[in-house]
Amino acid sequence: MSEQQLPVWADPSVSPADLDPQGVSRRGLLRGAGLFGTAFALGAAGSLAAPAVASAGSPHYGGDDPRLAYLVGDHHIHTVYSHDAKYTFSQLAAAGAKYGLDWMVFTEHSNFGHADFGAALEHKEILKARAENPRQLIFQGLEWYIPAAEHCTVFTTPGPHEVDLLTRFESAYDGKLLGYTDGSVGGANTARNEEHAVKAIKWLAEQRRTGYVDDVLVLANHPLRLGIDSPHEMRNWRDAAPEIMIGMEGAPGAQGAAIPGWRGATSMRGEYENKPSAQSWPGYPAEAYLTYGGFDWSTATVGGLWDAMLAEGKLFSITTNSDAHRIVFDTWKNGDWAAGQTFDNTGRLPDPVNTSTPQPGSDFWPGQFSRTHVGVTRYGYRAVMAGLRAGRVWLDHGHLLDGLDVRVKRDRDHGRGVTLGGRLRVRKGEKLTLTVTVTTASRPNAQGILPELAHVDVIRGAVRGPVTDRDAWQAPATKVVRTWDVSGRKGTYTLRIPLTAGAESFYVRLRGSDGKRNGPGYLGASIDPHGPIPHEPGNGDPWEDTWFYSNPVFVDVSGG
């Protein structure tokens, strides 16, 4: 199909009002999710109107979020337009379709070859991939080298300015291109570099506010891999524009890095094989440089950095993805350069060539192992971004679950209550119920394993407002408060736990696993008796240690 024959939704000149793929109707999605008859309204240009959820300042109590369908995606994928990857857009989009992805974000590394040539060239490949996969939402993005820190995903909705936005942003704000990399404590340029990262996020917010692009989002990638994303930087990014900088990878890609016998005796899941450097924030312990059940230490530690940010009462979402560069056991290799060509003068690598021999790699195909589930009320680019911004997100590894629905409601209310990322306003002393509906895995995953969920954990934390020390990474009032043993349960079932609103506002979030590998959490068994733990170097089979996590639900408590 030529560019002129692209379906209307794949053409960047089309209005955002038309960004629903042909062949997947909104009516079909809503019918499948049971969403007809909800009070959730669609705004102009197909945008999602805000749900009628009471805010902390509202006189109304309770809340009633819409029913949702969950779309599965991956926001961190690399192609031949990244200097260290090897696949084409078509190869990766086809793999995503094979493994059930509804949406994907291609995020090429910034560098001079990419800034000079790549972004415009890759857009033609994006259009081709959209045409070849009309039931997928395929976003163009960028992996931003954050000044003074590591990497973020930046992506926008399709539209007439998507390439221009990414190109201008890369040239003006990329730390690698500008030489704004120093983030060491006391470094001569650290303050300037950190400030430039904040300016970058505010600039993106301004492009959205003025309508230059319909939407744009930022997520921090593998935040503790090098230990250079300090707590105060993450808080500064979030607070610069919380509608733009919405969260971080709770679990990195490269989950196949430590398959036994594959990469070596020192390999770790996520390629978290680093030691502190002069650029690392010195307040992180040595254990922060490891993954726990494949999850970043900041997320996996109950009462750790993620909880410390949530305890301020501000949403900060988590995701997971493939970070696809080189797939484990795959037989493709990079092609050979033509005479005189380099990445810097072409902006891309040669197309890959198939061989009969497995090539080095750490990653899984998009959707093969790591999945981010986003709750939506319609099918479209804007809907996915709205769901991410609202925090209607849960994630799993190894296709551990087919479905998860979470609600918190006042016992006196008759509605559905508030779901992931939302806020429920209640009075002190009110009785509440947390309802968790689980749909177990119904088919073997890509490894041929039929996953079985062994337990579901409820984690509760007090909300105590902004911190004085912006480098604080602990939330002392957060712990696992309930564990269900669900071993052997099949199909769809619902768990209910009573909650009481005390004097403090709080949040609840969920976690669970296949039960094959766990132990006391980093901050002790009294806080987390059976959390994820690191694996031995070189012995981290990801298929034998799978977890799911959910975003929080906040409960805002007012006086009696």
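Which residues lie nearest the centre of the second largest pocket?

**Entry 1: basis.** I worked from a predicted model, in which local features need pLDDT of at least 70 and side-chain atom pairs count only at pLDDT 80 or more, while totals for chains, interfaces and linings use all residues. Residues are numbered from 1 along each chain as its sequence is written, and side-chain values use heavy atoms, with hydrogens and water left out.

**Entry 2: the pocket.** I found that Y70, V72, R371, H373 and D402 lie nearest the centre, among 24 lining residues. A pocket is here an open set of points on a 1 Å grid over the protein atoms alone, where a 1.4 Å probe fits, with protein on both sides within 12 Å along at least five of seven lines; lining residues have an atom within 4 Å of a point. I noted a volume of about 530 Å³ for this second largest pocket, a volume being the space filled by probe spheres set on the points, which are joined across faces, edges and corners.

**Entry 3: the lining.** I looked up which strands (DSSP runs of E, at least two residues, numbered from the N terminus) contribute. β1 (69-77), β12 (370-376) and β14 each supply at least two lining residues, and β14 gives the largest share, five.

**Entry 4: the sheet of β14.** I then followed β14 into an open sheet of three strands, ordered β14-β16-β19 with antiparallel pairing; two strands pair if DSSP finds at least two bridges between them. β14 (401-410) and β19 (492-500) are edge strands with a single partner each, so one side of each has no neighbour in the sheet. Nine bridges join β14 to β16 (residues 431-440), and V406 stands opposite V436 in β16.

Terms used
Helices (H or I, at least four residues) and strands (E, at least two) are DSSP runs, numbered from the N terminus.
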